[in-house]
Amino acid sequence: MDIQVGDMIKLKKQHPCGSQEWQVLRVGADFRLKCAGCGHQIMIARKQVEKNIRDIKRGN
């Protein structure tokens, strides 16, 4: 799966703030994602992101 820094991704489950959109800040074995709703940042394994992704909006 080709996900790059700056992309906006939509995941299956929503964040407690209500947003399903996340901005990709770091790509590697783990992803650093920033919630588009509240700005909360998380680190999550690549395997888990690829399993739960719904849509990719290309950034840059």
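**Strands and salt bridges**

Colleague: Which residue in strand 4 is the bridge partner of Leu33?

Modeller: In this predicted model, Leu33 has Ile42 of strand 4 as its bridge partner.

Colleague: And how many bridges join strand 3 to strand 4?

Modeller: Strand 3, which covers residues 30-35, is joined to strand 4 by 5 bridges, and the two strands run antiparallel.

Colleague: What is the order of the strands in the sheet?

Modeller: The sheet is open and has 5 strands, which follow the order 4-3-2-1-5 with antiparallel pairing. Strand 4 (41-45) and strand 5 (53-57) stand at the edges, and because each has a single partner strand, one side of each is left without a neighbour in the sheet. From one strand to the next, the twist averages 35°.

Colleague: Changing topic, how many salt bridges does a search of the whole structure find?

Modeller: The search finds 3 salt bridges. In one of them, the side chains of Asp7 and Arg58 meet at 2.7 Å, taken from N to O. Asp7 belongs to the segment before strand 1 and Arg58 to the segment after strand 5, so this pair ties together parts that are 51 residues apart in sequence.

Colleague: Is Asp7 buried or exposed?

Modeller: Asp7 is buried, since buried means under 20% relative accessible area and the value for Asp7 is 1%.

Colleague: Which backbone nitrogen lies 2.9 Å from a polar atom of the Asp7 side chain?

Modeller: That is the backbone nitrogen of Gln4. If we leave aside the neighbours of Asp7 within four places in sequence, the residues in contact with Asp7 include Trp22, Val24, Ile56 and Arg58.

Colleague: What about Lys57, which residue does its side chain meet in a salt bridge?

Modeller: The side chain of Lys57 meets that of Glu21, at 3.5 Å from N to O. This pair also links distant parts of the chain, with Lys57 in strand 5 and Glu21 in strand 2 (residues 21-26), 36 residues apart. Lys57 is partly exposed, with a relative accessible area of 43%, and Glu21 is partly exposed too, with 21%.

Colleague: Where do Glu50 and Arg46 lie?

Modeller: Both lie in helix 1 (residues 46-52), where they are 4 residues apart, about one turn of the helix.

Colleague: What is the relative accessible area of Glu50, and at what relative accessibility does Arg46 stand?

Modeller: Glu50 has a relative accessible area of 28% and is partly exposed, while Arg46 counts as partly exposed at 26% relative accessibility.

Technical notes: Residues numbered from 1 in each chain as written. Predicted model: local features only at pLDDT ≥ 70, side-chain atom pairs only at ≥ 80, totals over all residues. Heavy atoms only, no water. Buried < 20%, exposed > 50% of the residue type's maximum accessible area, 1.4 Å probe, protein only. Polar contact = N/O pair within 3.5 Å; in protein donor to acceptor, adjacent residues only side chain to side chain. Contact = heavy atoms within 4.5 Å. Pairing = 2+ DSSP bridges. Axes fitted to C-alpha atoms, helices over the stretch in contact; angles between N-to-C directions. Salt bridge = Lys/Arg side-chain N within 4 Å of Asp/Glu carboxyl O.
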